Amino acid sequence: MLRVGVLVSGGGTNLQAIINGIQDGTITNTELVTVISNNKNAFALERAKKHGIEALCISPKDYETREQFNDALYDVLEDRALDLIVLAGFLVVIPEKIIKRYENQIINIHPSLIPSFCGTGYYGLKVHEKALERGVKITGATVHFVDCGTDTGPILLQKAVAVKQGDTPKQLQQRVMEEAEWKILPQAVTLIANHKVRVDKGQVLLLEETSC
Ligand code: GRF
C-alpha cells in the first residue's frame with residue numbers, strides 16, 4: 001500500500017477527490033495516512049476528520065523561526081513513513097530539505113497547463129485572471145513532481161479545459177477544478193500506487209495508457 005500524506009491550506013476539494021477515489025475504488029493500493037495544513041481553519045481538515053483521517057495543523061506562525069517550522073514538518077512526514085506527499089493547494093513553500101529527501105515522491109496540482117501561467121505569484125484566482133487577460137481559448141490543469149523550482153518539476157498528467165466567452169476568473173477556476181483537477185490528481189495517485197510512473201532525466205514515462 002502506498003502511504004500518502006496530503007498537504008493543504010484551504011477548502012480541500014482536491015483532497016476530497018482523493019478520499020472519494022479511495023472509497024469508490026478508482027484509486028487502489030493507497031492509504032491516506034495524514035492530512036496536514038498550515039491553516040488551522042482550513043475546511044480540508046474537517047474533511048479529513050470526517051473520514052477518520054489524521055488531521056494536523058503545522059503552521060509557521062507557531063514556531064519562532066522558519067527553520068523550526070521546517071524541521072517540525074520534516075519530522076512529522078518522516079514519522080508517518082510516507083511514500084508520497086501530495087500538495088493539494090498548499091500555500092507554503094516546501095523546504096529544500098524535504099524536496100531532496102522526497103525526490104520524485106512529491107506531487108503538486110497546478111490549475112493551468114504548465115508552462116503557461118505558472119511560477120512565482122501564480123496561485124489561486126491569479127492563474128485564471130492571467131489566462132483570461134491573455135485571451136487563451138484553452139487552459140487546464142497539471143500534476144507535476146516537485147523539484148526545487150516553482151512549478152518546474154517533471155510533468156505527470158495534464159488535462160485541457162475550454163475557456164468560454166464571458167468567463168469570470170471564478171467560473172473558470174470552478175470549471176478547471178471540475179473537469180481537470182479532480183480527475184487528474186486521483187489518477188496520478190493511483191498510477192504511482194500501481195507502479196505505472198517512472199521518472200527519467202526530468203521526464204515522466206507512463207507505463208499505462210491514460211484517458212487524459
Ligand atoms: C486548486 O485550484 C489547486 O490547483 C491549487 O490550489 C487549489 C486548491 O483547491 N494548487 P482545494 O483546496 O483543493 O479546493
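Good morning. In strand E2, Thr30 has Leu2 standing opposite. The model I am presenting is predicted, so local features need pLDDT of at least 70 and side-chain atom pairs count only at pLDDT 80 or more, while totals for chains, interfaces and linings use all residues. Residues are numbered from 1 along each chain as its sequence is written, and side-chain values use heavy atoms, with hydrogens and water left out.

Helices (H or I, at least four residues) and strands (E, at least two) are DSSP runs, numbered from the N terminus. Two strands pair if DSSP finds at least two bridges between them. Strand E1, residues 2-8, pairs with E2 in the parallel sense over 7 bridges. Between them the chain passes through helix H1, residues 13-24, in a right-handed β-α-β crossover; that is, with the strands pointing away from the viewer, the path from the first strand over the helix to the second runs clockwise.

E2 also pairs with strand E3, residues 54-57, in the parallel sense over 4 bridges. Here Val35 stands opposite Ala55 in E3. The chain goes from E2 through helix H2, residues 43-50, to E3, and this β-α-β crossover is right-handed.

Just after H6, His195 takes a positive phi of about 60°. Thank you.
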